[in-house]
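Here are some questions on a protein structure, each with a worked answer. Look at the sequence and the fold before reading on.

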Amino acid sequence: MRKYLGVLVGVAALCVISWAQAPTQAPTPAPTTDQAPAPAPAPETVPIPTQTRTANPAPPVQFPRFELFAGGSYAEAGLFNAGHWAGLSGWDASLALNATSWLGFVVEGGQYFGTSKIPGAAPAPFPPGQTFCGTPSCTFNVTTREYNFLFGAQFSRRKYERWTPFGELLYGHQGTRGEASAGGETFKEVGTGRAVVAGGGIDYKISPRFALRLKADYLQTGSQFPTFAKKNQDNFRFSVGIVIRSVHKKKRKLEDETQPEP
């Protein structure tokens, strides 16, 4: 019995010694609050495509397609190369078709009436040897009529709201007719030739459809009469009248038609 108890005591002693010598696991240290947390990853930025803004183009210049002019005119003319200027009144009319805001094509016609003076010593284009006036140093009256039919180009500057300056260059045909009396007989002389006009003027806008026009031109005629060779005549004319313009109608949009009336 003592033998068995001794064995049990020895086994128990060995178990106590082995338990005492078993390594103990070190406890895991708790995290301290002084340590900064790891930074979170930055979110990826997605590039946003930028839209390039383009400047709004300037609106096109509005201009009438057709312009009809009619008015009175006055000319200082020397149609018979007599060395005397005659003041002739008349009319002037034109129709312009505008291809662009600054270029138009013009057809024009006009006529002038009045009295010219020719010296009795040199009555050309009337026949010599006739007594048109009492003395050789006198001048006699000639009933004068001149017409012209021209075409060409008109150049306008449509920059201002009310005023439109323009220039014109025209070429065409003209004719001159003169009547004089001598010894109870009436003599008529007719000459024809080319005509050139260079000048300009300005339009004042009254309304979108109407404008007042003032213009001045140099008018060169080249009348050739049967009694003398072709010669050039330098003349000047001044005109004033009314311009009738075509008006652009505003196009109706779908938004305008569907918009309720107030």
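Buried means under 20% relative accessible area. The model is predicted.

Q: Does E67 count as buried or exposed?
A: The cut-off for buried is under 20% relative accessible area. E67 has 2% relative accessibility, so E67 counts as buried.

Q: How many residues apart in sequence are the parts that E67 and R245 tie together?
A: E67 and R245 form a salt bridge, with their closest N and O atoms 3.4 Å apart. E67 belongs to strand β1 and R245 to strand β8 (residues 233-245), so the parts tied together are apart in sequence by 178 residues.

Q: Which residues are linked with E108 in a network of salt bridges?
A: E108 forms a salt bridge with K215, the closest N and O atoms being 3.0 Å apart. The side chain of E108 also meets that of R237 in a salt bridge (2.5 Å, N to O). The network that holds E108 links it with D92, E168, K215, D217 and R237.

Q: Which residues of the largest nonpolar core touch the most other members?
A: This core has 19 residues. The elements that give two or more residues to it include β1 (66-77) and β5 (163-182). Touching the most other members are F126, F132, F140 and V142.

Q: Which residues lie nearest the centre of the largest pocket?
A: About 440 Å³ of space lies in this pocket. Its lining divides into six nonpolar, five polar and five charged residues. Of the 16 lining residues, those nearest the centre are Q62, F63, P64, K205 and R245.

Conventions
Residues are numbered from 1 along each chain as its sequence is written. This is a predicted model: local features need pLDDT of at least 70, side-chain atom pairs count only at pLDDT 80 or more; totals for chains, interfaces and linings use all residues. Side-chain values use heavy atoms; hydrogens and water are left out. On a 1 Å grid over the protein atoms alone, a cavity is a set of points where a 1.4 Å probe fits but cannot get out, and a pocket is an open set with protein on both sides within 12 Å along at least five of seven lines; lining residues have an atom within 4 Å of a point. Grid points are joined across faces, edges and corners, and a volume is the space filled by probe spheres set on the points. Ala, Val, Leu, Ile, Met, Phe, Trp, Tyr, Cys and Pro count as nonpolar, Asp, Glu, Lys and Arg as charged, and the others, Gly among them, as polar. A nonpolar core is a set of buried Ala, Val, Leu, Ile, Met, Phe, Trp, Tyr and Cys residues joined through side-chain atoms within 4.5 Å. Buried means under 20% relative accessible area, exposed over 50%, partly exposed in between (1.4 Å probe, protein chains only). Helices (H or I, at least four residues) and strands (E, at least two) are DSSP runs, numbered from the N terminus. A salt bridge is a side-chain nitrogen of Lys or Arg within 4 Å of a carboxyl oxygen of Asp or Glu.
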